[in-house]
Amino acid sequence: MSTVRIQVSACALSATVIHLRYRPNYAVSTSSFNNHFSIKPLKVSMSSAPPSEPLEVAVKASLTTPNKIGDCPFSQRVLLTLEEKHLPYEPKLVDLRNKPEWFLEISPEGKVPVINFDGKWVADSDLITQTLEEKYPSPPLVTPPEKATAGSKIFSTFIGFLKSKDPNDGTEQALLNEPSPFNDYLKENGPFINGKDISAADLSLGPKLYHLEIALGHYKKWTVPDSLTFLKSYLKGNFLEGIIH
């Protein structure tokens with residue numbers, strides 16, 4: 001279990017990961033934005049009670065700060081889900097620059113996050129969070145299908161703009177076009193994707209939006225326009241500001 005528990009709530013999803021500090025004796029792993037595993041069906045049994053032992057979960061370690069999670073929105077998504085579910089867990093920080101043998105044995109592709117369910121190591125944040133919802137349905141984090149895709153295209157347009165070397169190739173305009181509908185959605189339906197309740201969609205999208213601001217601010221000197229006030233509030237007033245360092 002983390003030594004400082006993330007307090008995730010609808011009024012202050014802020015700084016939920018900023019103080020994610022762990023006990024010092026964990027091995028460590030790193031993942032790229034394209035963190036993909038083959039998703040295979042996993043049979044699970046539903047349980048209303050938390051596990052008797054902490055769930056082991058391997059996540060990316062910070063490259064600059066000891067005993068802190070690194071810049072992996074997929075690892076952050078899984079840890080936030082565990083916190084929202086009030087489940088005990090044992091984080092194993094993995095330095096992806098120097099992957100230990102034990103980690104490669106449980107994740108041959110060398111990717112994070114990976115979690116241990118009943119003796120079986122399971123990869124991919126989609127599958128992990130789906131399994132957590134099925135095994136531990138309370139409190140529920142399910143996002144209604146009609147709301148689940150809100151803002152979902154922003155991250156892919158961010159990647160396109162981040163990789164672009166041509167200022168006239170339209171990738172910046174594509175990125176500008178995506179946040180506006182999400183801002184309008186939050187205005188009508190917010191403050192979170194599922195209204196007043198934090199849901200799985202927020203725990204997936206939130207860390208990605210944080211990385212968008214940090215990466216584009218550093219490499220492109222680009223920030224979310226001030227005119228997108230509801231999106232800015234979603235980013236700054238909730239769990240994203242200072243999410244890593």
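Start by selecting Ser125, Leu127, Ile128, Thr129, Thr131, Leu132, Glu133 and Lys135: these are the buried residues of helix H3. "Buried" here is under 20% relative accessible area, worked out with a 1.4 Å probe on protein chains only. Now show all of H3, residues 125–135, and you'll see a helix that is mostly covered, with eight of its 11 residues buried. Helices are DSSP runs of H or I with at least four residues, strands are E runs of at least two, and both are numbered from the N terminus.

A quick note before moving on: this is a predicted model, where local features need pLDDT of at least 70 and side-chain atom pairs count only at pLDDT 80 or more, while totals for chains, interfaces and linings use all residues. Residues are numbered from 1 along each chain as its sequence is written, and side-chain values use heavy atoms, leaving out hydrogens and water.

Next, click Asp124, which caps the N-terminal end of H3. One of its side-chain oxygens sits 2.9 Å from the backbone nitrogen of Asp126.

Last stop: the largest cavity. Select Ile154, Leu175, Pro179, Leu209, Leu212, Glu213, Trp222, Val224, Leu231 and Leu235 to see its lining. Nine of the lining residues are nonpolar, none is polar and one is charged.

Notes:
On a 1 Å grid over the protein atoms alone, a cavity is a set of points where a 1.4 Å probe fits but cannot get out, and a pocket is an open set with protein on both sides within 12 Å along at least five of seven lines; lining residues have an atom within 4 Å of a point. Ala, Val, Leu, Ile, Met, Phe, Trp, Tyr, Cys and Pro count as nonpolar, Asp, Glu, Lys and Arg as charged, and the others, Gly among them, as polar. Buried means under 20% relative accessible area, exposed over 50%, partly exposed in between (1.4 Å probe, protein chains only). A polar contact is a pair of N or O atoms within 3.5 Å; within protein, one must be able to donate a hydrogen and the other to accept it, and residues adjacent in sequence count only if both atoms are side-chain atoms.
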